[in-house]
2 protein chains.
Amino acid sequence: MRRFAIIGKKAAASPDFSLDDLPATSGRLDVLLRCVRAAMLVSHGIRRDVTVYLVLRGGQDAPRVVRIDGGEARFLRPDERSLGTLLKKTLAHASSEPRFCPIRPGIAIASGDIDVVLADAPLARLFLLEEGALDMRAERDLGATDVLVFVGDHEGADAESRSRLVECGARSLSVGPISIHAEDAIAVVLNEMDRRAFRILDSGTPLGDDPHTLI
Amino acid sequence: MRRFAIIGKKAAASPDFSLDDLPATSGRLDVLLRCVRAAMLVSHGIRRDVTVYLVLRGGQDAPRVVRIDGGEARFLRPDERSLGTLLKKTLAHASSEPRFCPIRPGIAIASGDIDVVLADAPLARLFLLEEGALDMRAERDLGATDVLVFVGDHEGADAESRSRLVECGARSLSVGPISIHAEDAIAVVLNEMDRRAFRILDSGTPLGDDPHTLI
């Protein structure tokens, strides 16, 4: 299982945002929606082995966590407006339980913050994407069978979350020399995970000698 | 200069699409807009060395090419609706010249297809992203100073475009073992280019020995 938790420091935990202006009305929920697409969708399909947690800390109902399970989810569309509509409907449910309550196939919601996420994946190897850390290409455990990667929103992870994650054993990873958007970082990490799964890692293959062909 | 050309086989070349339902009314312009974000935007900024070409083959005014030059563009926002609004305004210009006519800073439009793109980058090393090709990590020239990467939309590149590009010397590259969205492929390629620029390539660095720290 590959899990991604995206922390939205001001992202709406309630449905009172406008689909016509997500960036200005939803606490940048648009960033998180793009992360959902990058984490869960591939060409003409859903990554069935991926679960995404959206940690929503904005608005009156915060904090809440929406969980999207690729193994069960149906009809996920890639565009922001469709994903925004899905979130709006999900957040309309008044659940305030500190455990995940199913809303529709593959979609569940819980009241709480990152501890709810951690409790849902007790055996997962924990990582936190952040600048200045070890290069993910050098992290052997990124290919583990149960991995939970925390990602900050457009402002990065806050100090308190970071401390809590490190306390739980999370290791920091960097994806490259440029500070990129969260959704792009997820795409890059998944590419590395895919390469591990298919054992395609040798960036140093000499040209013309044994260039491997990818599927 | 890093250049990306995204071929939208049915993407609207005219402004008669709805921002409220981009996927259904614009010939999947939403795919191309997400490619613009992935190619041009980083955390809190624009990649000044990136130019994106959107090859629009759908609707009555097709084919047209919109060029977005990161060195000149201003106020690019990451969300699909904002980028859709920018495209709608750009496409409202009735230009039918077979050369790029500036519309606003960094944004230009031309009548024509991929040959207009090729003519705009006569010295660029050409690549085409597609499945079943050489792994990009093994392609030395991806780090060249002037690179033009062609990317298909959600249906991939058509046979005719492919033939024309190969005729012009384009080399095919694959990004990984899973068929991913065009915007994710761009994010992965840019990560590899960034690593080349910063000389960070050694995926094989032994853990604990000399793990390099990224910025």
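This is a predicted model: local features need pLDDT of at least 70, side-chain atom pairs count only at pLDDT 80 or more; totals for chains, interfaces and linings use all residues.

Reply: Let us begin with what a helix is here: helices are DSSP runs of H or I with at least four residues, and they are numbered from the N terminus.

Me: ok, and is A:R195 buried or exposed?
Reply: A:R195 counts as buried, because its relative accessibility is 0% and the cut-off for buried is under 20%.

Me: how far is A:R195 from A:G143, in sequence and in space?
Reply: The two residues are 52 positions apart in sequence, while their C-alpha atoms are 9.0 Å apart in space.

Me: zooming out, how many helices and strands does chain A have?
Reply: Chain A has 6 helices and 10 strands. Its radius of gyration is 17 Å, close to the 17 Å that the globule rule gives for 215 residues, so chain A is as compact as a globular protein of that length. Along the principal axes, the C-alpha trace of chain A spans about 60 × 40 × 30 Å.

Me: what share of chain A is buried, and what is its surface like?
Reply: Of its 215 residues, 57% count as buried. The accessible surface of chain A is about 8,400 Å², and 51% of that surface belongs to carbon and sulfur atoms.

Me: what about charges in chain A?
Reply: There are 28 positive and 32 negative side chains in chain A, and the centres of these two sets lie 4 Å apart.

Me: now strand 4, what can you say about A:T51?
Reply: A:T51 is found in strand 4 of chain A, which covers residues 50-58, and A:T51 is buried, with a relative accessible area of 3%. If we leave aside its neighbours within four places in sequence, the residues in contact with A:T51 are A:M1, A:R2, A:R3, A:F4, A:R67, A:I68 and A:D69.

Me: what kind of peptide bond joins A:A62 and A:P63?
Reply: The bond is cis, with omega about -5 degrees, and A:P63 lies in the loop between strand 4 and strand 5 of chain A. In chain B, the peptide bond from B:A62 to B:P63 is also cis, with omega near -5 degrees.

Me: which phi does A:H44 have, and where is it?
Reply: A:H44 has a positive phi of about 60 degrees although it is not a glycine. A:H44 is found in the loop between strand 2 and strand 3 of chain A, and with 68% relative accessibility A:H44 counts as exposed.

Me: and A:F75, what phi does that one have?
Reply: A:F75 has a positive phi of about 60 degrees, although A:F75 is not a glycine either. The place of A:F75 is in the loop between strand 5 and helix 3 of chain A, and at 78% relative accessibility A:F75 counts as exposed.

How values were computed
Residues are numbered from 1 along each chain as its sequence is written. Chains are lettered from A and ligands numbered from 1 in the order in which they are written. Side-chain values use heavy atoms; hydrogens and water are left out. Helices (H or I, at least four residues) and strands (E, at least two) are DSSP runs, numbered from the N terminus. The radius of gyration is taken over C-alpha atoms; the globule rule is 2.2 Å times the number of residues to the power 0.38. Buried means under 20% relative accessible area, exposed over 50%, partly exposed in between (1.4 Å probe, protein chains only). Accessible areas come from the Shrake-Rupley method with a 1.4 Å probe; for residues, only the protein chains shown count as cover. Lys and Arg count as positive and Asp and Glu as negative; His and the chain ends are not counted. The place of a charge is taken as NZ of Lys, CZ of Arg, CG of Asp or CD of Glu. Contact means heavy atoms within 4.5 Å.
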